[in-house]
Each structure stands twice: as C-alpha cells, then as structure tokens.
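Thanks for making the time this morning. I would like to walk you through one model, slowly, and I will give the cut-offs as the terms come up.

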Amino acid sequence: MKKAMFILNPSSGKEQASEYRGQVEETLTSMGYDVDTRETEKEKDATNFATEACEKEYDFIVAMGGDGTINEAVSGIAEQSHEPLFSLIPLGTVNDFARALGIPLDPPEAIEALKTAHEKRVDIAKVGEQYFMNILAIGDIAESTYDVDPEQKTKLGALAYFVEGIKAISSEAETHFEIEHDHGTWSGEAKLILVALTNSVGGFEKLAPEALTDDGLLHLYIVENAALPGFVRIATSVLRGKLKDDPAVEVIKTTKVSIKTNEPLSCNIDGDEGCTTPFEIHVLPRHIRAFIPTEKDE
C-alpha cells in the first residue's frame, strides 16, 4: 500500500489545524494511502519528519501550516535520494508558496483539490545550509519584518510587513553591497535586495510576475536607496507588477549569486530570519515533485 506522511503544525492558523486533520486523513486514505500523521511541537520538527519520510521511502508528504512549516518540510525533502510527492494545505498569514503553485488558500478547498492534483517539478534555492521556495530579502526593510508581532500578522496579514517596511525606509542607514552573478558584478548602495523564486512575495502576487516556479532562475531585484516619496513610487510599482520598470530598481536573472556587505547583515528567508552575509545562493532546478491542482504558470 502507498504510504503518506501528513505533517501538521497544530498552532498554525489560529490553531485551526486540528479542525482539518480528519478531512486530510480521510482524503489521503480515499486516495489509496496509508497515512502516518505527525504533529510538530518545536522548531525543525517538520524538517526531521520529512527527512524520515524520505529515508523510509514514503510516496507522498503533505504539510499543513504557515510558510515557516512549509519551508521546514521542503528543507527535509531537499537533496534526499528518495523523492516523494509533496503538497501543502496553507494555514499561514501570507502563504506565498501556495499562491505560487495555485493551491487554494481556503483549507477545505486545498484538501479537496488533492483528489484531482497532478505532479509538477518546481525549483527551490539553497543558501548556506538553508533552503527557500519563495524569497530571500536583505536590507533594513527585510530586518524590520522581524518586528511584526503575531497580533499584527493576524489583523493585517501581508500589510503588516508593508507597514514595517515604510517605517524602515526612513532610516538613514546605508548598506554597501558587492554582488556577483552569472553575467558579472554589481557594486553600490542599496536599501533592499530581493532574490525571488516565485511571483508571490509577501502576499503580493505581482511583485515578480516573470518568475516561474520551474524556470531555473533567481530573479534578483536591487532597490537602490530612496527617500520616502521614492519608496511610495516603488510600492506602487510592486502593486502594479511593474517593479522591474522602476528607475530605482535593477533586475538581474541568474542561476547563482554571491552577496557581500560592508557589515554583516542578516537576511529574511521565506518570512523568517536566516543566515548572515556574506553568502552564496544557487538554484536547485525542478527539484521538488509538487502535487498541485492547476498550472498557475501557464
């Protein structure tokens, strides 16, 4: 009999995970899977569970939770010799990976969609010993997102990050970046560096409209220093899906990138604090066997 591991974070989505547990288990059983359910209790549990499922050659892994839980599960699958199918039930604030893959944001709809889903291989990226599926951000604005508390996230969703970003833009701090990529180098002052894998970043589905989930590319956005009026213009460009056309933004498509700063600076990986500069990022093309309901990229 086929085996599936169902990983859920019981604290995700205002602790709604337990409400949907039975529906997920029943759905997987109806699809012909023997279901092994695991609940996370602490950081990295989802990674360890997913790695165990790979080592035991499970056929399918389904993760339910926010972007952090999904990132952990994908990290447990990455670079394993056995490659199970992977899907997710979104219960987070932003749910970028679900948006990019065309998975319904309504949990019952996402669970029902498993019945008619199909396989599509999608990219992830690696930075140091960490992995990401959506976005790596560096700069004062990226660091400001650590100040977004759970209550703000619940009330405002993606807008909470936007509010903190506006606060950060008034900072006088400047960061000097040295960036090496497939086509050469870039050196200068920047307020924010975004390395996107998908079109959905922070809940804004038009931020990187050219980024496909399987194009094998990092979409690098360098946002140069700008005063508040310039930032407002850039924000408008984000909402319109025209960030690449803004005069204060440089866009580079590359398979790998090396980033150095004048002082160590931490990055934000899929919404959580990540490693510190300097570091290198590279794509693992078509690395995950995603099980998705629609061809969102087409």
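Let me begin with a definition: a residue is called buried when its relative accessible area is under 20%, exposed when over 50%, and partly exposed in between, using a 1.4 Å probe and protein chains only. By that rule Cys54 counts as buried, because its relative accessibility is 3%.

Before going further, please keep in mind that this is a predicted model, in which local features need pLDDT of at least 70 and side-chain atom pairs count only at pLDDT 80 or more, while totals for chains, interfaces and linings use all residues. Residues are numbered from 1 along each chain as its sequence is written, and side-chain values use heavy atoms, with hydrogens and water left out.

Staying with the cysteines, a disulfide here is a pair of cysteine sulfur atoms within 2.5 Å, and the count by this rule comes to 0. Cys275 is accordingly in no disulfide, and the nearest cysteine sulfur to it, that of Cys267, is 4.0 Å away.

Now the overall picture. Of the 298 residues of the protein, 56% count as buried, and the secondary structure comes to 10 helices and 16 strands, where helices (H or I, at least four residues) and strands (E, at least two) are DSSP runs numbered from the N terminus. If we take a contact as heavy atoms within 4.5 Å, then residues 24 or more positions apart account for 74% of the contacts with a separation of 6 or more.

Let me turn to helix H4, residues 67-77. Since 10 of its 11 residues are buried, H4 is largely enclosed by the rest of the structure; the buried ones include Asp67, Ile70 and Val74. Those three residues are also among the ones touched by Phe97, along with Phe86, Leu88, Val122, Met133 and Asn134, not counting residues up to four places away in sequence. Phe97 in turn is one of the residues with the most contacts inside the largest nonpolar core, which has 49 residues; such a core is a set of buried Ala, Val, Leu, Ile, Met, Phe, Trp, Tyr and Cys residues joined through side-chain atoms within 4.5 Å. Apart from that core lies another, of 24 residues, among them Val195, Leu218, Ile259 and Ile269.

After H4 comes Glu79, whose phi is positive, near 60°. Glu79 is among the residues touched by His287, as are Ala78, Arg121 and Asp123. His287 has its place in strand S16, residues 279-292, and counts as buried because its relative accessibility is 18%. The C-alpha atoms of His287 and Asp123 are separated by 5.4 Å, although the two residues are 164 apart along the chain.

Finally, the sheet. Two strands are said to pair if DSSP finds at least two bridges between them, and an open sheet of 6 strands runs in the order S12-S11-S10-S7-S14-S15, with antiparallel pairing. S12 (249-254) and S15 (272-276) stand at the edges with a single partner strand each, so one side of each is left without a neighbour in the sheet. Further in, S7 (residues 135-139) and S10 (residues 192-196) pair over 5 bridges, and Ile138 stands opposite Ile193 in S10. S14 (residues 266-269) and S15 pair over 3 bridges, with Ser266 opposite Thr276, and in their hairpin, which has 2 residues between the strands, Asp270 takes a positive phi near 50°.
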